[in-house]
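Hi,

Here is the structure I promised to pass on.

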Amino acid sequence: MTFTHYIALGDSISIDVYPAHDAQARYAGQATTDKLGAASLLYKNDDRLWPEFKGRDLRSLYHGIVFDNYTSDGATTETLLRQVERVSASDQPTLVTVTIGGNDLLGVLGSRGANPVPAIAGRMRTAVTRVLEQRPRATILLSTVYDPSDGTHRLPGVGGGLEREAEWLKQYQDELRGFASTDQRLRLADIHQHFLGHGLTAAERDRWYLQESIIEPNARGASEVRRVWLETLRPPV
């Protein structure tokens, strides 16, 4: 398999700003760039900060690959639909990463409304289907949503438990898993599973989330998202 294009879609799990902020504070002088989000690292590794991944980024693996990064802070499934409108039609082999759904669920914390998951999952499926229509030779990595609470159903600044919201998160993950099984061009990237134990239950040095905002990935977190994507791309043994 080879790729000529890489398109990143989704929310702040993929973007540069929070990992770059963390790297500046935690790894002062080590990074060679501020392009340290998961999508940017997948495309071009910072070899000095993350030497383990030297030669394993998309630029090294697929010479001349083009990178379009449409991710944005605070993106929801509504935003994702607008991001997809920017994807041009092409029959070139394209890698697409998608991180979406977390902000939709954060937006209903404490809500007394009905279960929002069917609508959220429906918009996600619509967006991904449109990408496949525009890029029929795409491989799309659908990423599950991590849980900074590590299953405790508690978040700083949010009173009480989040058991109902935790059930919605589980339902959405199940929707992602089910949808990923419907087309061979879709692959599930299980960020949720990989990040368990590196949130609120972990010592600060072992957290993969930003100290100032537990819902955002820090520099190590962004690299670990990139790790999940690379492992998801590896052919099954």
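Below is what turned up, starting with the sheet and ending with one of the helices.

Keep in mind that this is a predicted model. Its sheet is an open one built from five strands, and if you walk across it you meet them in the order S2-S1-S3-S4-S5, with parallel pairing. From one strand to the next, the twist averages 20°.

Now zoom in on strand S1 (residues 5-10): four bridges join S1 to S2 in the parallel sense. To find your way there, look for histidine 5, which stands opposite valine 66 in S2.

Helix H4 (residues 77-84) touches S1 and strand S3 (94-99), and the direction of H4 makes about 150° with that of S1. Helix H7 (residues 163-180) touches strand S4 (138-143) and S5, and here the angle with the direction of S5 is about 145°.

Last stop: helix H9 (residues 219-233). How far apart are its end C-alpha atoms? They are 22 Å apart, which agrees with the 21 Å that 15 residues should span at 1.5 Å a residue. Is H9 mostly buried or exposed? Counting a residue as buried when it has under 20% relative accessible area, 13 of the 15 residues of H9 are buried, so the helix is largely enclosed by the rest of the structure. At the start of H9, also check asparagine 218: one of its side-chain oxygens comes within 3.1 Å of the backbone nitrogen of arginine 220.

Cheers

How values were computed:
Residues are numbered from 1 along each chain as its sequence is written. This is a predicted model: local features need pLDDT of at least 70, side-chain atom pairs count only at pLDDT 80 or more; totals for chains, interfaces and linings use all residues. Side-chain values use heavy atoms; hydrogens and water are left out. Two strands pair if DSSP finds at least two bridges between them. Helices (H or I, at least four residues) and strands (E, at least two) are DSSP runs, numbered from the N terminus. Axes are lines fitted to C-alpha atoms, for helices over the stretch in contact, and angles run from 0 to 180 degrees between N-to-C directions. Contact means heavy atoms within 4.5 Å. The expected span of a helix is 1.5 Å times one less than its number of residues. Buried means under 20% relative accessible area, exposed over 50%, partly exposed in between (1.4 Å probe, protein chains only). A polar contact is a pair of N or O atoms within 3.5 Å; within protein, one must be able to donate a hydrogen and the other to accept it, and residues adjacent in sequence count only if both atoms are side-chain atoms.
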